[in-house]
Amino acid sequence: GNLTSLIVSSANSCSSVEIDRDLISLLKKRFKKNDNFKIINENILNFDLKKYVSDFNQIRLVGNLPYNLSSPIIDWCTKNNDLIKDMHFMFQKEFAYRCAGNENSKSYGKLSVICNYLFEVEILKEVDRSFFVPAPKVDSCFVKFIPRKKNVNFKELNFLKKILNLLFNSKRKKISKPLLKIFEAKDLENLNIDLDLRPDQLSSKKFLELTKLMEKYG
């Protein structure tokens with residue numbers, strides 16, 4: 001509850017979604033004098049945010065998350081994108097850098113492109129494992145996400161994922177072979193894409209151009 005304590009002390013209202021009943025008992029005791037604090041006993045992945053939100057794009061999400069749920073929670077946030085102003089999450093360091101990666105970084109991959117498409121991502125602080133009790137085997141990062149779009153085009157997002165899967169399935173090979181299987185060479189020339197590149201050398205902008213081309217092809 002240390003992170004929650006900081007939020008409760010500065011926010012007009014703070015709602016905590018928690019599935020563990022033992023932790024709920026501890027939180028209720030710790031914050032029983034705080035009128036601006038509410039606990040919702042649910043699994044965040046099944047939580048219907050629309051039932052609790054009246055002002056669109058005003059929710060600020062903060063969490064020290066279970067690291068094994070990092071990707072599913074990002075997906076959940078995407079589905080609730082129109083309600084969220086920003087997110088501040090504690091992630092495993094490796095995962096955080098994958099979220100914030102670009103074609104000039106070693107951590108760049110499918111997750112980097114998807115996160116760049118959906119959010120502005122900023123790593124605010126690296127957090128050493130020694131700050132946690134008990135100390136985990138990994139270091140962490142506190143990361144800020146700001147949704148780029150109020151309404152996500154899920155059809156376009158699905159095409160983007162198809163392109164990413166197609167190319168990153170052969171991460172160490174040139175992009176020419178898989179792309180020429182589905183696109184005409186002249187269309188790729190029009191996009192000014194270097195077919196000698198590997199997937200992790202292609203910018204997020206170029207991935208999105210390929211996505212729009214795939215949409216055109218149907």
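You're looking at a predicted model, where local features need pLDDT of at least 70, side-chain atom pairs count only at pLDDT 80 or more, and totals for chains, interfaces and linings use all residues. Residues are numbered from 1 along each chain as its sequence is written, and side-chain values use heavy atoms, with hydrogens and water left out.

**Around N36**

- N36 belongs to the loop between α2 (21-30) and β2 (37-40); helices (H or I, at least four residues) and strands (E, at least two) are DSSP runs, numbered from the N terminus.
- Leaving aside residues up to four places away in sequence, N36 touches V8, A11, N12, S13 and C14, where contact means heavy atoms within 4.5 Å.

**Salt bridges**

- There are eight salt bridges in the structure, each a side-chain nitrogen of Lys or Arg within 4 Å of a carboxyl oxygen of Asp or Glu.
- R60 pairs with D86, and their closest N and O atoms are 2.7 Å apart.
- R60 is in strand β3 (residues 59-64) and D86 in strand β4 (residues 84-92), so this pair ties together parts that are 26 residues apart in sequence.
- D86 counts as buried, at 3% relative accessibility; buried means under 20% relative accessible area, exposed over 50%, and partly exposed in between (1.4 Å probe, protein chains only).
- K212 and E156 form another salt bridge, with 2.8 Å between the closest N and O atoms.
- That pair links distant parts of the chain, with K212 in helix α9 and E156 in helix α6, 56 residues apart.
- K212 is partly exposed at 45% relative accessible area, while E156 is buried at 6%.
- D200 and R198 meet through their side chains in a salt bridge too (3.5 Å, N to O).
- Salt bridges that share partners join R172, R198 and D200 into one network.

- V133 and P134 are joined by a cis peptide bond, with omega at about -5°.
- P134 lies in the loop between β5 (119-127) and β6 (140-147).
- N192 isn't a glycine, yet it has a positive phi of about 55°.
- You'll find N192 in the loop between α8 (185-190) and α9 (204-217), and it is exposed, with a relative accessible area of 64%.

**The second largest pocket**

- This pocket has a volume of about 310 Å³.
- On a 1 Å grid over the protein atoms alone, a pocket is an open set of points where a 1.4 Å probe fits, with protein on both sides within 12 Å along at least five of seven lines; lining residues have an atom within 4 Å of a point.
- Grid points are joined across faces, edges and corners, and a volume is the space filled by probe spheres set on the points.
- Of the 16 residues lining the second largest pocket, S71, D75, L111, I114 and K161 are the closest to its centre.
- Two or more lining residues come from each of α3 (70-79), α4 (93-99), α5 (110-118) and α6 (154-168).
- By class, the lining has eight nonpolar, three polar and five charged residues.
- For those classes, Ala, Val, Leu, Ile, Met, Phe, Trp, Tyr, Cys and Pro count as nonpolar, Asp, Glu, Lys and Arg as charged, and the others, Gly among them, as polar.
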